[in-house]
Amino acid sequence: MTDVVMPQMGESIVEGTLTRWLKNPGDRVERDEPLFEISTDKVDTEIPSPAAGVLAEVLVEAGKTVAINTVVARISDGGGAAAIAPAPVVQAAAPVAPPPSAPVTAPAPVAAAPAPAAEDLGPLSPLVRRIARENNIDLSTVTGTGAGGRITKDDVQAVVTKPAPVAAPPAATPAPAYAPPPPRAEAAKIRVEPMSTMRKKIAEHMVHSKQTSAHVTTVHKVDMTNVAKIRDKAKGAFQAQYGFSLTFLPFVAAATCKALREFPILNASIDGGNILYHSDINIGVAVALDNGSGLIVPVIANADEKNVTGLQRSIVDLAARARSRQLKPDEVKGGTFAITNFGSFGSVFATPVINQPNVAILGVGTIEKTPVVINDGIAIRSICYLALTFDHRLIDGALADMFTGRVKQILENWTDSVL
């Protein structure tokens, strides 16, 4: 047997929710074939099978949240034969006729089984219990349509909105000559929807970051004209050669890596009373998922070893696989510094929240052509704002401004056309 465990999807992750099984017990599964889906505050992804064989046993049902390294299933390597033994068939005993001399007695009446209590109906969410309590609904009378017959919010609300049966009037009572129209039902003013597992974990992670770090944000205005000219000149050939667009973000990432080598304390983390200086520069890039369903920060390992082309390739690849739930566990952990590009949605600047256990995050605003004063004259330049949020427990304002100023200097003086 091979144990299948709940993986750790990031340093601060201690548990995950198993949202869906992609195989059933008895199914054949190949090594690295998607086996189940999990959801955490960092990633919502498919987990591959660690071995080839037959899914012999499922130990954690869909919807359960368990600690990392918990065994959730076992895979049998028994040559592909199903390791599930069929349930034994119990033959009903033939009725035995009483002897002729024995008196025939009527069978004793069988008492009806009591209705199951709410505690015996399987896992019930707090929302389901509250709706039932507020509307005096007996949950034992509700048919569950969720996984394993679990009662869902929609099941309970269907009972709430079901019209009550109307009794026919007595035959002797004549119908009124005029029946006033029923009062119009007032439209609901709120819509109740439970948060997804990822949304809950993101909320916990953001509150934890605010409670842990002393957040301060400094904003620098950067002239991106040189970078814009190089990008405009190269983007057509770049798209044709590599099959993806050249954006401004890899230039910012490359400049950040150079500055982190000069200011290693921005690439550090805090462990109690100690400062941990990381020798590798692993850049986490925030990726917004479709329909506002969440945010994931996949990591570009050893980002300082990549040129602009390599950084752009990594950003495109990680973002695409984050949105299609194809990220691997190692690709969402180990980050030492983070970048968030809120400018891609038109934001000029913002105050991002630090991604723990990092001590800083760099936000990139939208790049706009702006009239500026140069040598007492008006010129049109490509301008953006860089917002650095830093942990004031470790980094002082002067050092944060020196670091951001160095990133600004590298970008404003960019002349290398080799990407």
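Reader: What percentage of the 419 residues in the protein chain is made up of buried residues?
Author: This is a predicted model, in which local features need pLDDT of at least 70 and side-chain atom pairs count only at pLDDT 80 or more, while totals for chains, interfaces and linings use all residues. Residues are numbered from 1 along each chain as its sequence is written, and side-chain values use heavy atoms, with hydrogens and water left out. Buried means under 20% relative accessible area, exposed over 50%, and partly exposed in between, with a 1.4 Å probe and protein chains only. Of the 419 residues in the protein chain, the buried share is 37%.

Reader: How many helices and strands are there in the protein chain?
Author: Helices (H or I, at least four residues) and strands (E, at least two) are DSSP runs, numbered from the N terminus. The protein chain has seven helices and 19 strands.

Reader: How many salt bridges does a search of the whole structure find?
Author: A salt bridge is a side-chain nitrogen of Lys or Arg within 4 Å of a carboxyl oxygen of Asp or Glu. One network of them links D3, E57 and R74. In the whole structure, the search gives a total of 18.

Reader: Why are D317 and R321 separated by about one helical turn?
Author: D317 forms a salt bridge with R321, with the closest N and O atoms 2.9 Å apart. D317 counts as partly exposed because its relative accessibility is 36%, whereas R321 counts as buried because its value is 17%. The separation is about one helical turn because the two are four residues apart in helix α6 (residues 308-323).

Reader: Are E193 and R191 buried or exposed?
Author: E193 and R191 form a salt bridge, with their closest N and O atoms 2.5 Å apart. As for accessibility, E193 and R191 are both exposed.

Reader: What accessible area do V219, V348 and F349 have together?
Author: These residues form a nonpolar patch on the surface. Patches are made of residues with over 30% relative accessible area and no salt bridge, with like charges joined within 9 Å and nonpolar side chains (Val, Leu, Ile, Met, Phe, Trp, Tyr) within 5 Å. F349 is in the loop between β16 (337-340) and β17 (360-364). By the Shrake-Rupley method with a 1.4 Å probe, the area of V219, V348 and F349 together is about 230 Å².

Reader: What is omega for the cis peptide bond that joins Q356 and P357?
Author: P357 lies in the loop between β16 and β17. Omega of the cis bond from Q356 to P357 is about 5°.

Reader: What is the phi of N375?
Author: N375 is in the loop between β18 (368-374) and β19 (377-391), and counts as exposed because its relative accessibility is 76%. Although N375 is not a glycine, its phi is positive, at about 50°.
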